[in-house]
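Please find below a short note for a colleague who has not seen this structure before. The points can be followed with the sequence and the coordinates open.

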Amino acid sequence: MAASAPSGESPISGLKKVKEGHILGIPISTVASHFGTSGISVAVATGLTHPLDVLKVRLQMQLVGQRGPLIGMGGLCVHLVKSEGLKSLYLGLTPALTRSVIYGGLRLGLYEPSKYVCELAFESTNILVKIASGAFSGAVATALTNPVEVLKVRLQMNATSSKGPLQELQRITHEEGMTALWKGVGPAMARAALLTASQLATYDESKQALMRWTPLEEGFYLHLISSTIAGAVSTLMTAPVDMVKTRLMLQRESKGAGMYKNGFHCAYQVLHTEGPRGLFKGGLTLFARLGPQTTITFIICEQLRELAGLKAI
């Protein structure tokens, strides 16, 4: 016989009481801690590596639709500083930081809860579960923040504009429509899914392997080595998709090569007109940025999680 509700309290009110302050069975304070620690760590890493992101975008837009010798990262950096000033290396910083807090908070913040739900559903936390959790959190985060990413890369390519982020946002929506803010969202989601899956799963698995096969324990050196490995793997996985994403978001600057219909058409056009090397334009800069950014993000995130009373990733 089912137990009756306490006197003066209905079963429904009892159910509400249990669920109050929880999201999918997880305390709201825990969700906020996951989001906050992740967002802050990604924002710090983004601010420190932003000049490399500017260089990466400029390198990816070299010789659009053409084959030829490419300027290297060092040469481009010297040219930018001489022709546009030191401030050119910080173009688009405001939307980059804004996006990093939201995107980083969701991307890393959703990983542990997603893994927890998968563990309950499949009673397993193997590498496939970690990859699926990372892909899901990365794709969701990018879908929600794509307009800020479009705004960022537009500002990074337009050093002569005196408009601020809000004015540039108004210009884009007025001249190209609201849909322009979701240009490249498909490749961006694919890149984020690949990035987060490879980055978080590699970091997670590297930590477990290092603790199993070496004397390393949870701490700075373990986080440093694991995040460096994760940065290298994620760069190799995402370089071509990152290139396609940038080209689609900057179609106005790519009109000389014709308009891209979608991500696959863009990749085909780049291969056809620029060769296989074209898909890896800016690849070295991507690694020079993503490697340190991954390391900084995970080290800071782990420290913040410890302060917040969360377990290590």
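**Notes on salt bridges and helix packing**

1. R58 has a relative accessibility of 12% and counts as buried, the cut-off for buried being under 20%. The model is a predicted one. The salt-bridge partner of R58 is E84, with the closest N and O atoms 3.1 Å apart. This pair links distant parts of the chain, as R58 lies in helix 2 and E84 in helix 3, 26 residues apart. E84 is partly exposed, at 26% relative accessible area.

2. Where they meet, L52, V54, L55, R58 and L59 come from helix 2, and M73, L76, C77, L80 and E84 from helix 3.

3. Which residues does K207 meet in salt bridges? One is E218, at 2.8 Å from N to O. E218 sits in the loop between helix 8 (185–213) and helix 9, while K207 is in helix 8, eleven residues apart. The other is E302, at 2.9 Å; E302 belongs to helix 11 (residues 283–307), 95 residues from K207. K207 and E302 are buried, whereas E218 is partly exposed at 40% relative accessibility.

4. The count of salt bridges comes to 20. A network of them links D53, K56, R99, E149, K152, R191, D242, K245 and R289.

5. On the surface, I225, I229, V233 and M237 form a nonpolar patch with about 280 Å² of accessible area together. M237 is in helix 9 (residues 220–249) and is partly exposed, at 41%.

Key: Residues are numbered from 1 along each chain as its sequence is written. This is a predicted model: local features need pLDDT of at least 70, side-chain atom pairs count only at pLDDT 80 or more; totals for chains, interfaces and linings use all residues. Side-chain values use heavy atoms; hydrogens and water are left out. Patches are made of residues with over 30% relative accessible area and no salt bridge: like charges are joined within 9 Å, nonpolar side chains (Val, Leu, Ile, Met, Phe, Trp, Tyr) within 5 Å. Accessible areas come from the Shrake-Rupley method with a 1.4 Å probe; for residues, only the protein chains shown count as cover. A salt bridge is a side-chain nitrogen of Lys or Arg within 4 Å of a carboxyl oxygen of Asp or Glu. Helices (H or I, at least four residues) and strands (E, at least two) are DSSP runs, numbered from the N terminus. Buried means under 20% relative accessible area, exposed over 50%, partly exposed in between (1.4 Å probe, protein chains only). Contact means heavy atoms within 4.5 Å.
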